[in-house]
Amino acid sequence: MEKINLKDYAEYFVDIYNDIQETFPKTALHQAFVCKFSANEYIVRFDEDIQYLFLLLDGKAKIYLVHENGKRALIQFLKKDDFIGELSLIEVEKNLKDVVAINNCTCLAVPLASSKEHLLNDNLFLHNLSKYLGNKLLKRTDHYTAMQDYEFKNRLAKYILEIENNGYFQEKHTETAEYVGGSYRHLLYTLNQFREEGILEKQGREYFIINKEKLERMSSKKD
């Protein structure tokens, strides 16, 4: 993790800094800083205490639920303007989850120890956080609804678009099949179909998206 002074960051990203000031009370930003994570780097680990409330300023990440037997289940994706650690802030989450960067991520890190009281006593911040949590719940509901309504190929297309990194899809097949809701065999069959239809190209252990437009149509059930 690379740390950057917030004021130094603000000089180059004025618009983003203005959005940060509108999101957080000024008293909560005194010790805040910007941090950068590389692809596949952990932002939060389930077995470590969370020290910061993160706001994703750029990049994509994924959340894993870690079961008692050590197995991990992918449960959600994060993108720009998503919070990380908000459930710990309001003390409703005792068991943390793994959060891993999909590509290079830039986050605002607000120390909970010094800022928690300021955040929880700011009505505007709490109002915006409530709306955010409501939208997050709706997105998760939409995912499980799509599992029943969409065909496997449509769900897979949407998944690939969410998790691709610079046009490459390189996730574990077992993890992909579990999240999309199908068998390992069905996944391999569908990936092969995508190759035959000129949507993906296999390059070693990775797949490269060569027809993103068709993949997008398929993800919205238009193809």
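## Helices that cross

Helix 7 and helix 8 pack at about 100 degrees, with 9 Å between their axes. That angle makes helix 7 roughly perpendicular to helix 8. On the labels: angles under 35 degrees count as roughly parallel, over 145 as roughly antiparallel, 65 to 115 as roughly perpendicular and the rest as oblique. Axes are lines fitted to C-alpha atoms, for helices over the stretch in contact, and angles run from 0 to 180 degrees between N-to-C directions. Helix 7 brings H173, T174, T176 and A177 to the contact, and helix 8 brings Y184, L187, L188 and L191. Contact here means heavy atoms within 4.5 Å.

Helix 8 (residues 184–196) also packs with helix 6, at an angle of about 75 degrees and with the axes 11 Å apart. Helix 6 and helix 8 are therefore roughly perpendicular too. In this pairing, F152, K153, L156, A157 and I160 of helix 6 meet H186, L187, T190, L191 and F194 of helix 8. Helices (H or I, at least four residues) and strands (E, at least two) are DSSP runs, numbered from the N terminus.

## A word on the model

This is a predicted model, where local features need pLDDT of at least 70 and side-chain atom pairs count only at pLDDT 80 or more, while totals for chains, interfaces and linings use all residues. Residues are numbered from 1 along each chain as its sequence is written, and side-chain values use heavy atoms, with hydrogens and water left out.

## Rings in pairs

The structure has 14 aromatic pairs. Rings of Phe, Tyr and Trp (its six-membered ring) pair if their centres lie within 6.5 Å; planes under 30 degrees apart count as stacked, over 60 as edge-to-face and the rest as tilted. Take F83 and F125: their ring centres are 6.2 Å apart and their planes at 85 degrees, so this pair is edge-to-face. F83 belongs to strand 7 (residues 83–84) and F125 to helix 5 (residues 123–149), so the pair ties together parts 42 residues apart in sequence. F83 and F125 are both buried (buried means under 20% relative accessible area, exposed over 50%, partly exposed in between, with a 1.4 Å probe and protein chains only).

Then there's Y159 with Y179, where the centres are 5.4 Å apart and the planes at 40 degrees, so the pair is tilted. Y159 sits in helix 6 (residues 152–163) and Y179 in helix 7 (residues 173–180), so parts 20 residues apart in sequence get tied together. Y159 is buried, and so is Y179. Ring pairs also link Y159 and Y179 into a cluster with F77, F169 and Y207.

## Charges over rings

K202 lies over the face of Y207, 5.5 Å from the ring centre. Over at Y64, the charged end of R72 sits over the ring, 3.8 Å from its centre. The rule: NZ of Lys or CZ of Arg is within 6 Å of the ring centre and within 35 degrees of the ring normal.

How many disulfides does a search of the whole structure find? It finds 0, a disulfide being a pair of cysteine sulfur atoms within 2.5 Å. The sulfur of C105 has its closest cysteine sulfur in C107, 5.8 Å away, which is too far for a bond. For C107, the nearest cysteine sulfur is that of C35, at 5.1 Å. C105 is buried, with a relative accessible area of 1%, and C107 is buried at 0%.

## Out at E2

E2 lies in strand 1 (residues 2–5) and counts as partly exposed, at 47% relative accessibility. Leaving aside neighbours within four places in sequence, E2 is in contact with V34, C35 and K36.
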